[in-house]
Amino acid sequence: TGGEGSLGEAKTQMRDPIRSIVIVGGGTAGWMAATFLARRLAHLRLSITVVESSAIGTIGVGEATVPAIRDFFAAIDLGEADVLRETEATIKYGIRFADWKARGHDFFHPFGLYGVGAHGVAFHHYWLKLRAAGDTTPLGTYCLATQLAERGLFLPPVDRPANDLGVFNFAVHFDASKFAALLKRLALANKVAHIDARITDVARHGEDGRVTAVTLDSGARVEGDLWIDCSGFRSLLLGDALDVPFVDWRHWLPCDRAVAIPCTAAQVHRPFTTATATEAGWRWHIPLRHRVGNGHVYCSDFIDDADAEDGLLAALEGEALAEPNRIRFTAGHRARFWERNVIGLGLSSGFLEPLESTSITLIQSGLERLIPLFPDRACDPRLAATYNNQSVLEFERIRDFLMLHYSGNQRIGEPFWDHVRAIPPTDGLRAKLDAWRAAGEFVRREWDTFQDASWLSMYAGFDDLPARYSPLADHVADADLRDSLTRMRAAIDGTLAHAEPHAAFLARVHAGV
Ligand code: FAD
């Protein structure tokens, strides 16, 4: 019975398809949405319009990514070499965390796996076993991505690595405004319409409350069936027009301000982001070909703006290239990411500090998750509920991972660090920590952006090691284990011999060879 009924229902619903999508905002989120939807929905007869205000402008930051960005390039048919050339990009194999555990200490979060396990036991148990026996070899010695980063080399990942030692990936650092410009050109070539005007009013349907049109400062009206709110922190549709409340996570992630200052680039482009802990937050260093992106994320309860800015200026490795860009934010998200016929993407839907460069990947994932739930004009609320559930889980998982960056610090006696160390973990983080500390195990959760190796890099980085390694690792004798780890190091060295200097690779890409 259900079969016929649902077929009939599908037929009725097909009569009222979405005919127009309006994207509000032309920052990274707006143009990512435009290019992605234009490609994925090319077979449907619908119009896509981007309304943005060049007078208002964009946030002007957001230059570090995670490897999933490569899937986005592929999804919109953007050649990787073109992105690298046109956005002055560099390669990123992970993030170096300096001074987080303690001043003078650092560790690396790589985009890759560590070592090769055996007999069904994960590699890190063997590493822990040797460590317990006095071996001090750092975990990163067994990770190709870490080694590429440390040695400033470039190597593309292979499709089918022989074993886990060969599993790694890279992301990019790019100039956000050049990336948006590239996406804009692509969107326009794919028949996306573009209006540069300020939205002054939002009209809603009298009965069901959906957004029907926006009024521009020219007096013109733009109507649409489905709205993508990419209006940045203003959250023009989701927040302002539909009044969706903001879920404030400041008590978990208290940093609330940032100042960004680009500076001239040194000759050497490090193939990684650096996040350096400061007195009341942390600084980013994002190397691009033509400049370095620098910023200081901090908590205004513990440092004033002038000191935060001075701290950043003092740490610049080159000449400042622009006036400071001062930004205020609150960690958290809109209670609903999809409300009626509006879907929020990017800053309009929520924000987590850029410690793991997760905002752009959340935009991408929001777009990917929208396709299978793509509505018709009736906008069945169950679609929105499913989408919202996924979005919240994604945000929560990342929040837990970010909290781990703060909770493990040993900067005792420094007020900000004492404060963040004392923040009680969420239930999800507590469960992860318990499994790790008791058994060196990981708790895997749906919609986790960061997998086991990422969590491992943090635990090991903070020397937060479990009470025991797996007893199953004792099946391998110490001498055999040492031999096998020596072979792994040799295999990594062998692979590194095929890598080229990162700078040489970038020069080659720019020369088009
Ligand atoms: P915006 O760039 O602010 O764009 C908003 C758009 O809406 C603009 O085009 C604006 O003109 C338009 N608009 C607003 N109001 C109106 C109106 N009334 N009428 C018409 N148009 C309007 N993400 C990462 O992935 N990696 C990072 O390293 C990273 N670093 C960050 C550092 C900081 C300090 C901050 C705050 C964010 C960072 N992010 C990072 C997040 C990243 O910058 C954003 O996710 C990304 O830039 C997308 O922004 P957006 O498009 O949502 O908003």
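These notebook entries record what I looked up in a predicted model.

**Entry: the open sheet**

I traced an open sheet of six strands, in the order S8-S2-S1-S12-S21-S20, with mixed pairing. I then asked which strands stand at the edges. They are S8 (193–196) and S20 (338–339); each has a single partner strand, so one side of each is left without a neighbour in the sheet. I next looked at how S20 is joined to S21 (residues 342–344): two bridges link these strands, which run antiparallel. For Glu339, I noted that the bridge partner in S21 is Val342.

**Entry: helix H6**

I asked whether H6 (residues 144–151) is largely enclosed or largely open, and found that six of its eight residues are buried, so the helix is largely enclosed by the rest of the structure. I listed the buried residues as Leu144, Ala145, Thr146, Gln147, Leu148 and Ala149. Among the elements covering them I recorded strands S4 (94–98), S5 (106–110) and S6 (153–154), together with helix H15 (478–496). Just after H6, I noted a positive phi of about 65° at Gly152.

**Entry: Glu80**

I located Glu80 in helix H4 (residues 80–86). Setting aside neighbours within four places in sequence, I found Glu80 in contact with Arg70 and Phe73. For Glu80 and Arg70, which are 10 residues apart along the chain, I recorded a C-alpha separation of 7.6 Å.

Note on methods. Residues numbered from 1 in each chain as written. Predicted model: local features only at pLDDT ≥ 70, side-chain atom pairs only at ≥ 80, totals over all residues. Pairing = 2+ DSSP bridges. Helix = DSSP H or I, 4+ residues; strand = E, 2+ residues; numbered from the N terminus. Contact = placed C-beta atoms within 7 Å. Buried ≥ 20, exposed ≤ 12 C-beta atoms within 10 Å, placed from the backbone.
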